[in-house]
Amino acid sequence: YRASRGEYRKAFEVIMRTNPFPTVTGMVCDHLCMFKCTRQNYDMPLAIRDLKRFIVEQQKGSIRLKPGKKNGKKVAVIGADPAGLSCAFFLALEGFAVTVYESKQLAGGMAADAIPGFRLTDPQIAQDIDRIKKLGVKIEFGQKSDAARLADNQSGSDILVKK
């Protein structure tokens, strides 16, 4: 609705309510939802991946998301892949202080490791990750999650999230 009215910034804000990786999904989503889209009963299913990509491309400046009021709780998240970073994103929006521990020197998991550059570039992935970091999420690289590290994270945090 917002995009059809040219309200791309508001459309982007709507997407960000449920999707911390709109750039990534706008580039590589397999869009299986199109096969179940009820629009095909009338004409054609919505091209949701293309629509998200278009809306992201319309954003000239960065949308500043506001983290929730600090609640004094610390969360340790194991893994800076899309699942771990999504968890961190939503927790930060709710006011948690979040630190993500990643064993590699790169955030993004399979999105950064396995998707070829002609489908998804490093700057596109970084765009979504930077938005998450601007919420105050800290990412510590080179942090292997062995038993000692998990015990340390658990003692230093109110909540430990591991996958």
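1. Serine 86 counts as buried in this predicted model, because its relative accessibility is 17% and the limit for a buried residue is under 20%. Serine 86 belongs to helix α4, which spans residues 82–93, and, leaving aside residues up to four places away in sequence, serine 86 touches Pro20 and Phe21.

2. Helix α4, in which serine 86 is found, lies across the strands β1, β2, β3 and β4, and runs at about 170 degrees to β2.

3. Those 4 strands form an open sheet with parallel pairing, in the order β3-β2-β1-β4. Because β3 (138–140) and β4 (159–161) stand at the edges and have a single partner strand each, one side of each is left without a neighbour in the sheet. On average, and with direction ignored, neighbouring strands of this sheet are turned by 20 degrees against each other.

4. Within the sheet, strand β1 (residues 74–78) and strand β2 (residues 97–101) run parallel and are joined by 5 bridges; in one of these pairings, valine 75 has valine 98 of β2 as its bridge partner.

5. A further point concerns helix α1 (residues 8–16), whose buried residues are Ala11, Phe12, Ile15 and Met16. These residues are on the same side of α1, because they cover an arc of only 140 degrees around the axis. In an α-helix there are 3.6 residues a turn, so residues three or four places apart point the same way. The cover over the buried residues of α1 includes α2 (22–28), α3 (48–57), α4 and α6 (122–133).

Technical notes. Residues are numbered from 1 along each chain as its sequence is written. This is a predicted model: local features need pLDDT of at least 70, side-chain atom pairs count only at pLDDT 80 or more; totals for chains, interfaces and linings use all residues. Side-chain values use heavy atoms; hydrogens and water are left out. Helices (H or I, at least four residues) and strands (E, at least two) are DSSP runs, numbered from the N terminus. Buried means under 20% relative accessible area, exposed over 50%, partly exposed in between (1.4 Å probe, protein chains only). Contact means heavy atoms within 4.5 Å. The arc is that of the directions from the helix axis to the C-beta atoms. Two strands pair if DSSP finds at least two bridges between them. Axes are lines fitted to C-alpha atoms, for helices over the stretch in contact, and angles run from 0 to 180 degrees between N-to-C directions.
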